[in-house]
Amino acid sequence: MHGNEASAEVSLELLGAFELTCCGSRVSAPLGAQRLLAFLGLRPDGVHRSAAAEQLWPDYPCHRAAANLRSALCQGRRACCVTLIDCIGQRLRVSPVVRVDVLRKRDLARQIIDGPAPPPADSETLIDQFTRELLPGWPDEWLHPDRERWDQMRLYALEGLAQRLLTAQQYLPALQAALAATTIDPIRETPHRTVIEIHLAEGNVASAVRCYQQYGAYLQRELGVSPSPQMTDLLQGLPCLQRDRHRKQLSAPTQAAALASDRLRGQASDSRAPRRGRNAL
């Protein structure tokens, strides 16, 4: 590695829009080079040339996909004065001088998920970073597993961050982290429970009940299920919840009686219907 390459600062941003910067200046790269850099940037251990060509151009014959790969490599070399892609035998990898944002954020997410440390001082910056999607708008099929992995990592990180902030009584950033998690997976109950816990910790009982009711209505509409007992227990003893339960208990026998009445009316109607016997023929 040349001395100027070792001192160069190259950043590859994949969260949000694709962006490549070198020494603070944005670098313009053709689409083929962008796709190759993004593909390799998400695989720091490197990929065999044939596997890269096959996944990046799955609809092309092998020889054509290999030609597209060679073209993308040439475009990547010309895009920057620094070597962006290392070719080691038949394997390709992003050069160690390239700092990939999503890899750094994965490490941060693991620290939040695994460590019982207090919440970081820059929690708002972290929340903003974890709300960013991986290359939104890119239709490539090879991105789907990487997107799913990133979504799960940032979801758990936001949930863990919200719980730490709640414990530290930092309610606003805790609420922001929990709400950000609900947008990643609206059906998942964990962040919704945290939102309710934050409202209750602040004494905002009405807000907690509203969140519970909205989430319950959403589950009924989408899946036909109710919130778990863990969520219901958070609001245990509140009059509004007891009224809802009482209403449901009363409505169940009423519905059963209505069904039985409909059945009896149907049977009576059948018995009054004229019977066509042998004489009617």
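# Briefing on a predicted single-chain model

The chain has twelve helices and seven strands (DSSP runs numbered from the N terminus, with helices being H or I of at least four residues and strands being E of at least two). This is a predicted model, in which local features need pLDDT of at least 70 and side-chain atom pairs count only at pLDDT 80 or more, while totals for chains, interfaces and linings use all residues. Residues are numbered from 1 along each chain as its sequence is written, and side-chain values use heavy atoms, with hydrogens and water left out.

**The chain as a whole**

- Among contacts between residues at least 6 apart in sequence, 60% join residues at least 24 apart (contact means heavy atoms within 4.5 Å).

**The nonpolar core**

- The largest nonpolar core has 73 residues (a set of buried Ala, Val, Leu, Ile, Met, Phe, Trp, Tyr and Cys residues joined through side-chain atoms within 4.5 Å).
- Helix H7 gives the largest share of this core, ten residues.
- Leu14 and Leu134 are the members that touch the most other members.
- Leaving aside neighbours within four places in sequence, Leu14 is in contact with residues including Ala38, Leu42, Val100 and Val102.

**Aromatic pairs**

- The count comes to three aromatic pairs (rings of Phe, Tyr and Trp, the last by its six-membered ring, with centres within 6.5 Å; planes under 30 degrees apart count as stacked, over 60 as edge-to-face and the rest as tilted).
- One of them joins Phe18 and Trp138, whose ring centres are 6.2 Å apart and whose planes meet at 20°, so this pair is stacked.
- Phe18 lies in the loop between strand S1 (10-13) and strand S2 (19-22), and Trp138 in the loop between helix H6 (123-130) and helix H7 (143-167), so the pair ties together parts that are 120 residues apart in sequence.
- Phe18 counts as buried at 11% relative accessibility, and Trp138 counts as buried at 16%.
- Phe39 and Trp142 form an edge-to-face pair, with 5.2 Å from centre to centre and 85° between the planes.
- Because Phe39 lies in helix H2 (residues 31-41) and Trp142 in the loop between H6 and H7, this pair ties together parts that are 103 residues apart in sequence.
- Phe39 is buried, with a relative accessible area of 0%, and Trp142 is buried with 7%.

**Charges over rings**

- The charged end of Arg43 sits over the ring of Phe39, 4.1 Å from the ring centre (NZ of Lys or CZ of Arg within 6 Å of the ring centre and within 35 degrees of the ring normal).
- The charged end of Arg35 sits over the ring of Trp57, 5.4 Å from the centre of that ring.

**Cysteines**

- The count of disulfides is zero (a disulfide is a pair of cysteine sulfur atoms within 2.5 Å).
- Cys23 is in no disulfide, and its nearest cysteine sulfur, that of Cys22, is 4.0 Å away.
- Cys23 counts as exposed, at 54% relative accessibility.
- Cys87 is in no disulfide either, and its nearest cysteine sulfur, that of Cys74, is 9.6 Å away.
- Cys87 counts as partly exposed, at 36% relative accessibility.

**Backbone and loop residues**

- Most residues other than glycine have a negative phi.
- Leu135 has a positive phi, near 45°, and is found in the loop between H6 and H7.
- Leu135 counts as buried, at 0% relative accessibility.
- Gln169 has a positive phi, near 60°, and lies in the loop between H7 and helix H8 (171-184).
- Gln169 counts as exposed, at 57% relative accessibility.
- Ser95 lies in the loop between strand S6 (91-94) and strand S7 (98-100) and counts as buried, at 2% relative accessibility.
- Leaving aside neighbours within four places in sequence, Ser95 is in contact with Thr83, Leu84, Ile85 and Asp86.

Methods: Buried means under 20% relative accessible area, exposed over 50%, partly exposed in between (1.4 Å probe, protein chains only).
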